[in-house]
Amino acid sequence: MEVGFQFEEIGKVPAPVFEQIFAEVPGGARVANPTFDIPPSTAVGYDTDGSLKPIKAYKLTKPNATADTTMQIAKGSGVQVGDVIAKGKKGVAITAIDSTDADFDVITVTLGVECKTGEVLYQAKAASASAAVPIYTPVYLTGNAVYAGKGDQKVKLVNGANIRKESCNVADEVVALIKSIEKV
């Protein structure tokens with residue numbers, strides 16, 4: 001007896017990001033056409049033209065020592081030469097990118113601070129030794145993915161939540177600026 005059964009493997013299931021959401025913008029809002037895919041839990045803020053734009057997050061896939069001149073970050077961050085990558089209040093411009101590996105990008109930058117595997121660094125407005133701030137003032141986290149090349153897209157905007165520190169796409173310094181978001 002033939003029943004026509006077919007088995008299909010389930011692809012990789014993404015790790016949950018939100019532990020609890022207790023505040024969001026009713027109906028969401030539009031995020032300006034991104035140049036890279038934006039995963040859920042990415043911080044967004046208003047640009048000078050009033051459009052919502054993402055604050056890039058760079059997740060390290062390898063530890064970084066103080067004297068290292070390169071960093072290894074996860075694919076999909078939207079990294080570009082000239083972006084300012086920051087930890088704490090120190091930000092440095094990226095001078096080169098090697099994206100030949102399928103699993104990670106290697107960026108040329110001497111941040112001068114120690115970083116751990118899995119740590120998320122943020123995109124800063126300008127290079128600084130002691131006063132770096134995010135490129136946009138963070139207001140919300142994206143509640144769903146936003147895809148590159150699809151124009152402006154409506155997105156769920158979360159402004160009150162507990163997020164999982166091991167799977168979120170936002171730096172600690174950026175989370176600290178959104179008073180109702182907490183990493184757990």
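Is Cys 115 buried or exposed, and at what relative accessibility? In this predicted model, Cys 115 has a relative accessibility of 2% and therefore counts as buried.

Figure 1. Cys 115 takes part in no disulfide, and the nearest cysteine sulfur, which belongs to Cys 168, is 16 Å away. For Cys 168, the closest cysteine sulfur is that of Cys 115; at 16 Å, the separation is too far for a bond, because a disulfide requires the two sulfur atoms to be within 2.5 Å.

Figure 2. Arg 164 is 19 residues from Lys 183 in sequence, while the C-alpha atoms of the two residues are 5.7 Å apart in space. Leaving aside residues up to four places away in sequence, Lys 183 touches Ile 163, Lys 165, Cys 168, Val 170, Ala 171, Asp 172 and Val 175.

**Figure 3. Close-up of polar atoms around the side chain of Lys 183.** The side chains of Lys 183 and Asp 172 make a polar contact at 2.6 Å. A polar atom of the Lys 183 side chain also lies 3.0 Å from the backbone oxygen of Val 170. Both Val 170 and Asp 172 are among the residues that Lys 183 touches.

**Figure 4. Close-up of the open sheet formed by strands E6, E10 and E9.** The three strands are arranged in the order E6-E10-E9, and their pairing is antiparallel. Strand E6 (70–74) and strand E9 (96–98) form the edges, each pairing on one side only. From one strand to the next, the twist averages 25°.

**Figure 5. Close-up of the pairing between strands E9 and E10.** Strand E10 spans residues 104–108 and pairs with E9 in the antiparallel sense. Three bridges join the two strands. Within this pairing, Ile 97 stands opposite Ile 107 of E10. Strand E9, which contributes residues 96–98, is an edge strand of the sheet.

Definitions and conventions: Residues numbered from 1 in each chain as written. Predicted model: local features only at pLDDT ≥ 70, side-chain atom pairs only at ≥ 80, totals over all residues. Heavy atoms only, no water. Contact = heavy atoms within 4.5 Å. Polar contact = N/O pair within 3.5 Å; in protein donor to acceptor, adjacent residues only side chain to side chain. Buried < 20%, exposed > 50% of the residue type's maximum accessible area, 1.4 Å probe, protein only. Pairing = 2+ DSSP bridges. Helix = DSSP H or I, 4+ residues; strand = E, 2+ residues; numbered from the N terminus. Axes fitted to C-alpha atoms, helices over the stretch in contact; angles between N-to-C directions.
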